[in-house]
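Thank you all for making time this morning.

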Amino acid sequence: MKKTHIFILVGIAVLIVALIIFGFPSSDFSTYDTINSAKSKQGKYVHLIARLDHSQPIVYDPVKDPNYLTFSIVDSLGAQTKVIYHNSKPAELEQSERVVLQGKMQGDVFECQNITLKCPSKYKDDKKQMEKSVSEAK
Amino acid sequence: MEFEGEHLLPGTIGHFFVLLAFVASLVATIGYCIASVSKNEADKRSWINFARLAFYTQTTAVLVIFGVIFYICSHHLFEYMYAYKHAAKELESRYLLACIWEGQEGSFLLWTVWHSIIGLFIIANSKKPLLNGWEAPVMSVISFAQLFLAMMILGVYIFNIRIGSSPFTLTRNEIAAPIFSQPNYLSFIKDGVGLNVLLRNYWMVIHPPVLFLGFASTIVPFALAYAGIQTKRFGDWVKTAIPFALFSTCVLGVGIMMGGKWAYESLSFGGYWAWDPVENASLVPWLVMVAGLHTMVIYKATDQSLRASYLFAILSFVFVLYSTFLTRTGILSDTSVHAFTLDDETKIVTYSMLILFLAVFTVPALVLFFMNYSKIPSVNKEEGTDTREFWMFIGAVIIFIASVFITAKTSVPVFNAVTGAKIAPPEDPEFSYNKVMVLVAFIIGMLTAIGQYFKYQKTERGYFLRKIGLPTLLAAVITTTLVIVYPLTYNKQGAGFLGAMYIALFGSVYAAIANGWYIWSILKGKFKVAGGSVAHAGFAIMLVGMLIASGNKKTISDNRVTGLNIPFTRDSKENPLENLTMIRDVPTRMLDYMVTYTGDSLGNEKGREFHRLIFVKNDSSERFELTPDVYVGKNELKSSNPGTKRYLTKDIYTYISSISPDENKEDTAAFKISELSIGDTAFYSKGYVVLNRVGRNLNTERYHFNPDEAALVAEVTVVGKDSMRHKAYPYIMIEDSQHINQVDDTLYAENMYVRFAGVTDGKKIKLGIKESNKILNYITLKAYLFPYINLVWLGLVIMAVGVVMSMIYRAKIKPTTATIVLAFVGIALFYMFFIAGG
């Protein structure tokens, strides 16, 4: 084996080890949780996949505080929690079908750091819109 | 049932040509395959001619399909699902092309159009020395890819499974709605859904074609690597592949950064790069192509690293297919903000087809490579550490490892889907990339700096040290000066990461200086051969710009800076409160500007509103206006486009995150009438009002009346709670003896209406004051300052020009053509990144 090959192999090995240590420590991933399992992991960073709870109000008053939004979510197991998000209200929050929230459970409140909305796909939206446009036409 | 008003002919034509394209690519593939294995020269010739005919046919078919889709969309034939979904009458015509490549089918079509053009180019130049003898194997690969792309838009049912989704399906067959039971259903469909408002942007028109040309062009080095094995001309293909790899590097690189510029300019992500899986998916093929380019250059110069060249040429295209799989199947939809999503029915089929597409190219290519591994020549000579090829190879390996790292992280959703694991992205996904890539940037910067000062085969120690000394010193001085004069302020991740950023800054400054110095002192300004150095210098400048722009990005709408709305419960170091509400006409301090929101105006498109922000510098030396805009639907903000003030050295960047609801709520407050003489004062809940003067056709800063008008104008000063003084000019216009018109004045800052209510018998003025309880007129916005962001775009343009220079040199293009190409590339890029757009 050539000297350079050894050099390169050692280099690659060092790099891979470095990548594993610096690139993939356990804090570099988080988990998808249900609301109940998140409640049992107080203060731990998790992802929640849930729906907006339409029976609870969405509170956002930008005149008072543009960095304060609260609403409630329910997950597929029926668990429910209040969410606080220190940012502006994402467009189309009310229309969303599903929300992916990132943050930490603090007591009974989910302190959210990021929201990803899953809106109904365009395809399904079209149907509604079509039917609506028909009823308007008549 | 007969339906009225449908235009079924274009769809029939389109569908026919889709089938034709599919069959013709199949024929071309077979023809070229037979030609490439044919030993007899005459046979080979006739098979090539036959396959060419088939390829021309598929090219024509693809162009006709494109034309038909264009026709359907531009004529708003909403009986077709594609037009209904992507086009709309209200859409400005410049977005017509954009709505074609908004959809899956259209973007696949764009890809096949580029493949066709690349194929035609190869056929047309097959007699040139560089391409001589490569046509048959290369074109068999391209035709085979065309077969799969045509299959993606085939839309034919086989055993009740729809293979591919056709762009020519009818709306009434795709949507189940009661109106389709009526023959005249088309008269109810007034308009299409149109281009997603998020995508209505200059970059949506220009970015996809460039990016897809980049993707499409990676097939050529792949096909040449295959051809090398197939023809057993194991090393010959490299010199042909280099110019194509350079082309790919240039176009794909520019395409990726166009995406970045788009995100920066209009997608309100607050930056140009977020390590989003979709962005990563386009970056990885580029990185692998760059790695391959370097190993190919090494091979050309020294006969070393041919095997690595094979691997990288294959993998670059494989990663293009893999990224297509990632972005088109919706597998990323939980982790990416802009992945395509699909409905369940098409999902499974698309999934299987894309996996098949990926597999039929990846598996045979890798199998062929490993089967012939021992036959691929390699040099059994020690590469010394004093040679250029050694350091170039190390660089290529580092780039490749970085791309493997990015792929691994991006593929977590795939891993979850396969194993049922539930691994989610980390708390700060961007940082989890940045902390690794900042070190990669440093290493690559260092290698780029010193690489060229080594010579191939052997470098004299004295020569190297003599030449590298000055640029090293210069880079050290410049970096030190930067650290002192203009330090990075990014402290969110602690001192360790800041240190790493400084190291990377040194690496990139060093690379920029060393490459510039190399052109000057060693190449003596011979630009013909300086392409590599120019490209490296450009890349380094881009890195410097990235480090400074992210290291010193400032949130200027931060509530802690403006002193407004501070809740006390928060750890404010971690998350700046970036949203700031600006009430109309109330000035707010931001950085060294007073900023006032002065109202909105409507755009041409449905739901588009422009909001005016006036920036006045504290010392009044500067005043400018920004108009970030939003799309509003159903009383809600749908999407937001930033307003940016560009300076040479910084950008001030604003976008709207929330607007006041425009509810037609009944204003229950009533006017309180006071009777005042000139100079009298009336009080209201927050302050008082002084009547200054009254006059006929009083010309004021607000109004200018014609002499034939009869207006009675009052000038009123309103002094609010915070002693802010505002002028108001309510007036009465006497139209004729029957009609008078009261025109109230609105003071948004005090949320107050002032009315000239009439004149009493005692010559007093009746002044009405209403304190509205309607919701205030306001916007909520975020504002950032990006310093030296222009270095990023400048670096990119220089890099692209450098790569084109190399391509001209390697492909031995004639000087006149070369000048035209260079001028065109330079001007076009400069225009796109510095003049057009936002």
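First, some ground rules: what you see is a predicted model, in which local features need pLDDT of at least 70 and side-chain atom pairs count only at pLDDT 80 or more, while totals for chains, interfaces and linings use all residues. Residues are numbered from 1 along each chain as its sequence is written, and chains are lettered from A, with ligands numbered from 1, in the order in which they are written.

Let me start with chain A, which has 3 helices and 7 strands; here helices (H or I, at least four residues) and strands (E, at least two) are DSSP runs, numbered from the N terminus. If you read along the sequence, the pattern of chain A is α-β-α-β-β-β-β-β-β-α. Of its 138 residues, 25% count as buried, where buried means that 20 or more other C-beta atoms lie within 10 Å of a residue's own, exposed means 12 or fewer, and partly exposed is in between, with C-beta atoms placed from the backbone. Among the contacts in chain A with a separation of 6 or more, 45% join residues 24 or more positions apart; two residues are in contact if their C-beta atoms, placed from the backbone, lie within 7 Å.

Chain B has 22 helices and 24 strands, and 48% of its 838 residues count as buried. Its C-alpha atoms fill a box of roughly 115 × 85 × 55 Å, taken along the principal axes. For the contacts in chain B with a separation of 6 or more, the share from residues 24 or more positions apart is 69%.

How far does helix 8 of chain B reach from its first C-alpha to its last? With 16 residues it reaches 24 Å, close to the 22 Å expected at 1.5 Å a residue, the expected span being 1.5 Å times one less than the number of residues. The buried residues of helix 8 of chain B include B:Trp203, B:Met204, B:Leu211 and B:Phe212, and its buried residues pack against several helices of chain B, among them helix 5 (104-124), helix 10 (237-266) and helix 12 (306-328).

In chain B, the axes of helix 16 (residues 429-451) and helix 18 (residues 494-521) come within 8 Å and cross at roughly 25 degrees; axes are lines fitted to C-alpha atoms, for helices over the stretch in contact, and angles run from 0 to 180 degrees between N-to-C directions. Helix 16 and helix 18 of chain B are therefore roughly parallel to each other, since angles under 35 degrees count as roughly parallel, over 145 as roughly antiparallel, 65 to 115 as roughly perpendicular and the rest as oblique. The residues of this contact divide into 15 nonpolar, 5 polar and 1 charged, with Ala, Val, Leu, Ile, Met, Phe, Trp, Tyr, Cys and Pro counted as nonpolar, Asp, Glu, Lys and Arg as charged, and the others, Gly among them, as polar.

The axes of helix 11 and helix 14 (residues 388-410) of chain B come within 9 Å and cross at roughly 160 degrees, so these two helices are roughly antiparallel to each other. Their contact holds 17 nonpolar, 8 polar and 1 charged residues. Helix 14 of chain B is mostly covered, with 18 of its 23 residues buried. One residue found in helix 14 of chain B is B:Thr407, which counts as buried because it has 20 C-beta neighbours inside 10 Å.

Finally, some loop residues. Is B:Lys232 buried or exposed? B:Lys232, in the loop between helix 9 and helix 10 of chain B, is exposed, because 9 other C-beta atoms lie within 10 Å, and it has a positive phi of about 60 degrees although it is not a glycine. B:Ser620 also has a positive phi of about 60 degrees without being a glycine, and lies in the loop between strand 8 (608-617) and strand 9 (623-626) of chain B. B:Asn751, in the loop between strand 21 (745-747) and strand 22 (752-759) of chain B, is partly exposed, with 19 other C-beta atoms within 10 Å.
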